[in-house]
Amino acid sequence: MNAEHVWKIIKEQNVKFIRLQFTDILGVLKAISITDDQLQKALDGELMFDGSSIEGFVRIEESDMYLRPDLNTFLVLPWNSPVSAAKTARIICDIYEPNGEPFIGCPRYALKKVLKEAADMGFNMQVGPEPEFFLFHVDENGMPTTVTHDKASYFDLPPVDKGEDARRDMVEILQSLGFEIEAAHHEVAPGQHEIDFKYTDALKTADNIVTFRIAVRIAAQRHGLHATFMPKPVFGINGSGMHMHCSLFKDGQNIFFDPSQADGLSETCKQFIAGVMKHARAIAAITNPTVNSYKRLVPGYEAPVYIAWSHRNRSPLIRIPAKRGISTRIEVRNPDPSCNPYLGLAVILKAGLDGIKNQLTPPPSVDQNIYEMDLAERKQNKIESLPENLYEALDELRNDKLIQEALGEHIYSRFVLAKTKEWEAYSSRVYDWELQQYLDKF
């Protein structure tokens, strides 16, 4: 995509508004809307905004930031204004300093930096995500509830699955945005759904995830529903994950595949696995970044709790899907859809590269159900657990220099500060459960 092509589409499709999008450190999507006559100014790198107003960016005395559109992300949005025939497009932007240097607090830049490290080693990371979400009713004021519209379960069909119409509209919108949808279905919990799209390079996958989230929510809104990517909105049922299927390619070949090995996995693949496992507890602070994330990571609800890997079962952190050849990959199962995808992929890749550089060896694969093991068995197999809460995960992050390096000092320090405040606000509140347990007892 180049500027000439972009201008051609704008004129042919009557595009009058362009959203210049980016994410803050926490992964919240932000945008500045401009008219088409201001686009050239943005393409020339002259569009400034106040970075001090964005979570985790800069202080007020150093607030000037510039948006540089990445034309490869230009898309005409398929949802139109009900009062205007003019269309809106979006372009994802990188953030730059006034001196022309990339802004080190830009999450997209953090991922690009680690991708450059991989490229210098000859590697290209490919990622396919599996984002899950819930569909809930809204109340009379349009505010989301936790009341879902069905009691369906895994792979159920209508009329039990009452979300099919909304899910079909989501798929059609995503396809119009250029997504190659591989599967869409009802998930295990009532009101829970999953839409999988084809793998691609890591940067485009991260861009696709932020696009996916807004497209799904807009489609749900059209059906009078609220789509949420909150990891565990309802107690007692499965939470929502976002498994990441990762592989490394070199000279067009999947280097995770080795046909000479009995399991088809190369030494490079196993070293990558070892690196991710070594740093898994610190990675969790980024891939599972909310207080609520750890309500999902508990035994009994198909979410990974234990740091292990397996060729078959789904209880460990890393699973190896059965397909080989170009499809050889690892499935990292702990990330959830509330994470910043740029930072999540950056830390997973950084950890995997660490395993390759230092030729780490993973422990033997665990092919039995870890949930059914007792503590003694897990200790015997040297199986550690992921952090039990956000506070514990942040503590691991504070002690892991490699994951800090993946984020950069700016993002690391501001992320930890924001998340520490989140934990303190949560831990000092009094909740209904406490009142029910203690109010009449003591």
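**Figure 1. Lining of the largest pocket in the predicted model.** The lining comprises 38 residues, and E130, E194, D196, H245 and E331 lie nearest the pocket centre. A pocket is an open set of points on a 1 Å grid over the protein atoms alone, where a 1.4 Å probe fits, with protein on both sides within 12 Å along at least five of seven lines; lining residues have an atom within 4 Å of a point. Strand β7 (124-138) supplies the largest share of the lining, 5 residues. At least two residues each come from β7, β9 (181-186), β10 (192-197) and β13. Strands (E, at least two residues) and helices (H or I, at least four) are DSSP runs, numbered from the N terminus.

**Figure 2. F272 in the largest nonpolar core.** Such a core is a set of buried Ala, Val, Leu, Ile, Met, Phe, Trp, Tyr and Cys residues joined through side-chain atoms within 4.5 Å; buried means under 20% relative accessible area (1.4 Å probe, protein chains only). Of its 93 residues, M125, F272 and I330 touch the most other members. Helix α5 (residues 202-222) gives the most, 11 residues. Beyond four places in sequence, the contacts of F272 (heavy atoms within 4.5 Å) include M125, L248, I330 and L353.

**Figure 3. Surroundings of K232.** K232 sits in the loop between β12 (225-228) and β13 (242-250). Its contacts beyond four places in sequence include N238, N292, R296 and Y301.

Residues are numbered from 1 along each chain as its sequence is written. In this predicted model, local features need pLDDT of at least 70 and side-chain atom pairs count only at pLDDT 80 or more, while totals for chains, interfaces and linings use all residues; side-chain values use heavy atoms, without hydrogens and water.

How values were computed
Buried means under 20% relative accessible area, exposed over 50%, partly exposed in between (1.4 Å probe, protein chains only).
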